[in-house]
Amino acid sequence: MTDGEVEITADLVRDLLREQHPDLAGLSVREVADGWGNQMWRLGDELAVRVQRMDPTPELQLNERRWLPVLAPRLPLPVPTPVRTGEPSARFPKHWTVMTWVPGDPLDCSSISRGGHAAGALAGFLRALHVEAPAGAPVSSDRGGHPKDCTDGFDRFFHAVVPDDLADDVRAVWDDAVTAPEWEGPPLWVHGDLHPANVVVSDGTLSGVIDFGDMFAGDPAWDLAAAWVLLPACAASPFFDAYGRADAGTIRRARGLAAMKSLFLMLMGRNGDLGLPGGKPAWGPAGRAALDRVLRG
């Protein structure tokens with residue numbers, strides 16, 4: 001449901017297409033697993049409709065519309081690219097966007113079996129993405145800074161779900177990240193939300209990256225945390241070798257952020273098990289596995 005209590009259904013999506021893009025209205029519409037800020041609907045075989053859902057403002061969709069067409073041509077993995085825009089109307093008061101569909105299975109519903117290949121694919125993708133962002137690039141209010149600025153969030157996740165037998169080790173990883181040097185380079189383009197539901201897998205390896213609503217200009221360590229959050233055991237070292245641009249301080253920050261992201265996934269998994277709004281049962285095991293990889297280094 002949206003804030004205005006308009007239920008997002010396949011019939012609503014078809015109505016919106018008839019109103020604003022009638023040439024697409026004859027394509028099949030199929031629901032995709034719920035997102036948090038946006039609801040996704042498959043449109044035919046090659047498109048998707050991204051409908052603003054819980055996001056209180058259209059800013060994240062507008063950022064995707066503005067910047068993905070700029071970024072996508074140079075990225076070596078498929079990403080969703082806007083092809084049509086949907087504006088608020090009497091039928092539906094929020095924004096929606098028709099985008100290209102990225103084929104594959106979300107990692108939270110699948111697994112990576114070709115760890116070495118996936119490490120290289122992720123490294124190549126982030127090398128291409130992590131270039132200096134222009135002055136007009138979005139800046140996040142809660143991501144992109146140094147881990148020391150995220151202590152409250154880490155502590156909240158830590159106290160909620162950290163296993164007792166891992167608490168000291170997890171705290172040590174975080175404390176090391178908090179004391180790591182600041183990012184001293186220019187703000188780089190950062191995806192900002194690389195977790196198992198935001199990448200897709202085909203043939204046992206990483207095959208696409210989705211959901212760029214949180215993209216921002218900032219510290220690349222926020223994306224490099226994916227070395228532990230996404231990749232299987234023993235793949236972090238080959239990933240950083242292939243990436244080739246992360247100094248020791250950046251890796252320390254990335255590892256601490258990976259610990260925080262792992263705890264967040266565990267919390268969302270617990271919420272899903274309890275039937276709480278926004279909870280994702282599959283994220284709990286994914287978060288715990290990621291936390292174990294973080295602690296192995």
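This is a predicted model: local features need pLDDT of at least 70, side-chain atom pairs count only at pLDDT 80 or more; totals for chains, interfaces and linings use all residues.
Biologist: Is Ser-262 buried or exposed?

Modeller: The cut-off for buried is under 20% relative accessible area. Ser-262 has 0% relative accessibility, so this residue counts as buried.

Biologist: Which residues does Ser-262 touch, not counting residues up to four places away in sequence?

Modeller: Contact means heavy atoms within 4.5 Å. Leaving out residues up to four places away in sequence, Ser-262 touches Val-229, Gly-287, Ala-290, Leu-291 and Val-294.

Biologist: Which helix gives the largest share of the lining of the second largest pocket?

Modeller: The second largest pocket is lined by 13 residues. Leu-107, Ser-110, Leu-230, Ala-286 and Arg-293 lie nearest its centre. The largest share of the lining, 3 residues, comes from helix 10 (residues 283-296).

Biologist: How many residues of that lining are nonpolar?

Modeller: The space in the second largest pocket is about 170 Å³. Its lining has 2 polar and 2 charged residues. The nonpolar residues number 9.

Biologist: Where is Phe-212, and is this residue buried or exposed?

Modeller: Phe-212 is found in the loop between strand 9 (205-209) and strand 10 (216-218). Its contacts beyond four places in sequence are Glu-64, Leu-68, Val-79, Pro-80, Phe-125 and His-191. The relative accessible area of Phe-212 is 0%, so the residue is buried.

Biologist: How many Å apart in space are Phe-212 and Asp-193, C-alpha to C-alpha?

Modeller: In sequence, Phe-212 and Asp-193 are 19 residues apart. In space, C-alpha to C-alpha, the value is 7.6 Å.

Biologist: Which strands stand at the edges of the open sheet of 5 strands?

Modeller: The order is 1-2-3-5-4, and the pairing is antiparallel. Each edge strand has a single partner, so one side of each is left without a neighbour in the sheet. The edge strands are strand 1 (29-31) and strand 4 (82-86).

Biologist: By how many degrees are neighbouring strands of this sheet turned against each other on average?

Modeller: Direction is ignored here. The average is 25 degrees.

Biologist: What is the bridge partner of Gly-86 in strand 5?

Modeller: Strand 4 and strand 5 (residues 96-100) pair in the antiparallel sense over 4 bridges. In strand 5, the partner of Gly-86 is Trp-96.

Biologist: What angle does the direction of helix 1 make with that of strand 5?

Modeller: Helix 1 (residues 10-20) packs on the sheet. Helix 1 touches strand 1, strand 2 (38-43), strand 3 (47-52), strand 4 and strand 5. With the direction of strand 5, the angle is about 90 degrees.

Terms used. Residues are numbered from 1 along each chain as its sequence is written. Side-chain values use heavy atoms; hydrogens and water are left out. Helices (H or I, at least four residues) and strands (E, at least two) are DSSP runs, numbered from the N terminus. Buried means under 20% relative accessible area, exposed over 50%, partly exposed in between (1.4 Å probe, protein chains only). Two strands pair if DSSP finds at least two bridges between them. Axes are lines fitted to C-alpha atoms, for helices over the stretch in contact, and angles run from 0 to 180 degrees between N-to-C directions. On a 1 Å grid over the protein atoms alone, a cavity is a set of points where a 1.4 Å probe fits but cannot get out, and a pocket is an open set with protein on both sides within 12 Å along at least five of seven lines; lining residues have an atom within 4 Å of a point. Grid points are joined across faces, edges and corners, and a volume is the space filled by probe spheres set on the points. Ala, Val, Leu, Ile, Met, Phe, Trp, Tyr, Cys and Pro count as nonpolar, Asp, Glu, Lys and Arg as charged, and the others, Gly among them, as polar.
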